[in-house]
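Work through the exercises below with the sequence and the structure at hand. Each task is followed by its solution in steps.

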Amino acid sequence: MSLLQSTWEMAEGKPVLLGSRCSACGTVHFPARRVCPACGPGPAVKPMRLSRRGRLYAFTQLHQSKPSFPTPYYMGYVDLPEGVRVAARIACNGDSTLHAQDELELDTAAVALDSSGQPVVSYVFRPAAAAA
Amino acid sequence: MSNIYVIGVGMTPFGKFAERTPDEMGQEAVVAALADAGIGINQVQAAFCGHVFQGMSLGQRILAPLGARGMPVTNVENACCSGSTALHSAVRLLRSGEADCALAIGAESLTGRFAGALSGDDSDLETMLGMTMPAVYAMRAQRYLDEYGASREQLAAVVVKNKANAVRNPLAQFKKEVSLEQVVGSRPIASPLHMLDCCPVSDGAAAVVLCTDAALARLGGQRRAVRLSASVLLSGEFDNAPTDMTFETLTRRAAEAAWAQAGAGPGDIDFAEVHDCFSIAEATRVEGLGLFEKGTYLGAVERGEASPDGRLPVNTSGGLLGKGHPLGATGIAQVVELTTQIRGEAGTRQLGRARVGVAHCRGGKAVGVEGTACTVHVLGS
């Protein structure tokens, strides 16, 4: 399993991000860590599922990228209630407009093409009102 | 502890030179730096060579054909701080007393290396999702413009300034001034950044010769020696909590360490070379350094305060936006500019007051680490 596909799973038909939490300081990490970067080696770090909703901190529409990423597309930083900022693709199609502080919800979508030209599906965030 | 001096500088033109190898460009820079110092290669006791993508043993590939006789050569990779980290490593060696004359080299050939935009490492989760370096800085720009009420045109003024400075630097990649309209009308890359907000793909090399008090007395050349009073390298820390992306805490920490070494502060700085890989980066760099208050830089640029005739000229060389950004060479080239200005040898771009200058580099990204490396050097007295 690739690093990308190990960072999320489907639960009851919906995607969920797989993070971790330090048993000593309570810091939450994404993606999941074996060692807490705040504490260093020692304290136990336990896997946890992260909230499926967060707020958009900043976003950009990309018009140029590597060949495996058809443009244009949006990327953003999404702040989750656990105190984690996640960089993710933002699914925003049609005439919907993004704003900082928008509430977003986790979903899945194709984000890239693999070496044989097949779509790579990943977690994405999309405006909560537009989420299924 | 001995003072450290820059006694020789050299650099190639920066630009797109698909036919040139990093080895040959590095040799041109080293030969120029040695000639400038007035010494032979075997008076140099150690060398450090910064690069990012040039394969194994670049430093030895540059130096052995020039007649180096077995001196220790260390190759350094530290993203956009590779050259400045090579410089820092040479300073540390001289301070340790194990050598009294050393070379710092940076060389990079990037033409044809990238399809599309520069990204983090392919093993990086965010790179797999489509994150690019322009996208990271675009989001910083969006927050900065929103939070401080700055305009898209004010951001473009940084580009206009640096491209104009580059016209007066014969070694710079860009030879033409651009207008605000050309910047905001250039091809969109990652909103709100356009093509001209981004530094170009560049090839080039730069080198400096450093020595101690003892070597300066032995080698001569005191008249044109420039004292290097601070050399700091810091690494970014992991933090995936929400933070203020409009302010560079890593730059601030490195600057404070540099002021302590130099016995100086932001108020003593006459001019600066900072890592303007994107227009927005120049603002967050100089504010992180404390040269301008947080959120005020774009207005200051618009008022001409960072222009060559302003109160604190920034990137008189043209910066990365105008001079070019051959990754490994960049940090060394900044010190070439500081040295040339402080010596009063900068020709048509010579500043009226250039006694103390600061050079800043910041680079690299990884998940949870916004900037992996940051260097600050202070020159002059």
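**Exercise 1. Count the residues of chain B and of chain A that are in contact, and find the area buried between the two chains.**

Step 1. Take contact as heavy atoms within 4.5 Å. By that rule, 36 residues of chain B touch 36 residues of chain A.

Step 2. Buried area is the accessible area (1.4 Å probe) that two parts lose on being put together, summed over both. For chain B and chain A this comes to about 3100 Å², with 59% of it on carbon and sulfur atoms. Leu125(B), Leu129(B) and Asn240(B) supply 22% of the area that chain B buries against chain A, more than any other three residues.

Before going on, note that this is a predicted model, in which local features need pLDDT of at least 70 and side-chain atom pairs count only at pLDDT 80 or more, while totals for chains, interfaces and linings use all residues. Residues are numbered from 1 along each chain as its sequence is written, chains are lettered from A and ligands numbered from 1 in the order in which they are written, and side-chain values use heavy atoms, with hydrogens and water left out.

**Exercise 2. Find the salt bridge between chain B and chain A, and the elements on the chain B side.**

Step 1. Look for a side-chain nitrogen of Lys or Arg within 4 Å of a carboxyl oxygen of Asp or Glu. The count between the two chains is one salt bridge. Its partners are Asp122(B) and Lys66(A), at 2.7 Å from N to O.

Step 2. Assign elements from DSSP runs, numbered from the N terminus: helices are H or I with at least four residues, strands are E with at least two. Helix 4 (125–129), helix 5 (133–148) and strand 5 (188–190) of chain B each give at least two residues to the side that touches chain A. Helix 5 of chain B has the largest share, seven residues.
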